Amino acid sequence: MQKAKDAAQYYGHRPDKDGVRQYREGFNAGREDLSKHEVARFIEEEARKPESVYAYRMIMSPGAPMNEQQVKDWARSTLERHGISQYVAFAHAGEHAHTEHAHVHVMFMRQEKLERDDFKALRVVGDDESDKQLKAEKELDRQKVQENTRERLSQIELGG
């Protein structure tokens, strides 16, 4: 359990692009703002469960530029689709990034041992979720452009 707490401490305190150490709040399926104490409590509670035989730490990357909220949403949907609902994660993207590549550090516990194919399947789900998210954002951008164009045309027609 101490290794998991140490890992969470490390994920939460990585320096940003400027080398400044700051605490990144953890997040999970239902919360955006887990304090370091709440993260530690989650790890302790999960470790006590009989079904928490294996503890996993992994880094997930969407493979596309994303801000902090986008990478959180992507990670949540990816983990949910893969059946992982109890986890704690730390987003490294946007203003809290320490690299140009958006990614999320995730920790969770399971009863079953995950095999290589399980991680490959998670990657496939993550790629699919990334594609969905990027397509949805492009569609929103397209709709905004159309709306702005309509507004400009109506102003021109009104003599504006």
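## Starting with a helix

Which strands does helix α2 lie across? Helix α2, made of residues 36-48, lies across β2 and β3. Relative to β3, helix α2 runs at about 30°. Keep in mind as you look around that this is a predicted model.

## The overall plan

Let's step back to the whole chain. The protein has 4 helices and 3 strands.

What about the overall dimensions? Taken along the principal axes, the C-alpha atoms fill a box of roughly 70 × 35 × 25 Å. The radius of gyration of the protein is 19 Å, whereas a compact globule of 160 residues would have a value near 15 Å.

## The sheet

Now find the strands. The 3 strands form an open sheet, and their order across the sheet is β1-β3-β2, with antiparallel pairing. At the edges sit β1 (54-60) and β2 (87-92), each of which pairs on one side only. From one strand to the next, the twist averages 10°.

Take a look at one pair in detail. Strand β3 covers residues 103-110, and it pairs with β2 in the antiparallel sense over 6 bridges. Which residue of β3 is the bridge partner of H92? The partner is H103.

## The largest pocket

The largest pocket holds about 270 Å³ of space. Its lining is made of M58, I59, M60, S61, W74, T78, F119, L122, R123, G126 and D127. The elements that give two or more residues to this lining are β1, α3 (68-81) and α4 (116-157).

Which element gives the most to the lining of the largest pocket? Helix α4 does, with 5 residues. Sorted by class, the lining has 6 nonpolar, 3 polar and 2 charged residues.

Methods: Residues are numbered from 1 along each chain as its sequence is written. This is a predicted model: local features need pLDDT of at least 70, side-chain atom pairs count only at pLDDT 80 or more; totals for chains, interfaces and linings use all residues. Side-chain values use heavy atoms; hydrogens and water are left out. Two strands pair if DSSP finds at least two bridges between them. Axes are lines fitted to C-alpha atoms, for helices over the stretch in contact, and angles run from 0 to 180 degrees between N-to-C directions. Contact means heavy atoms within 4.5 Å. On a 1 Å grid over the protein atoms alone, a cavity is a set of points where a 1.4 Å probe fits but cannot get out, and a pocket is an open set with protein on both sides within 12 Å along at least five of seven lines; lining residues have an atom within 4 Å of a point. Grid points are joined across faces, edges and corners, and a volume is the space filled by probe spheres set on the points. Ala, Val, Leu, Ile, Met, Phe, Trp, Tyr, Cys and Pro count as nonpolar, Asp, Glu, Lys and Arg as charged, and the others, Gly among them, as polar. The radius of gyration is taken over C-alpha atoms; the globule rule is 2.2 Å times the number of residues to the power 0.38.
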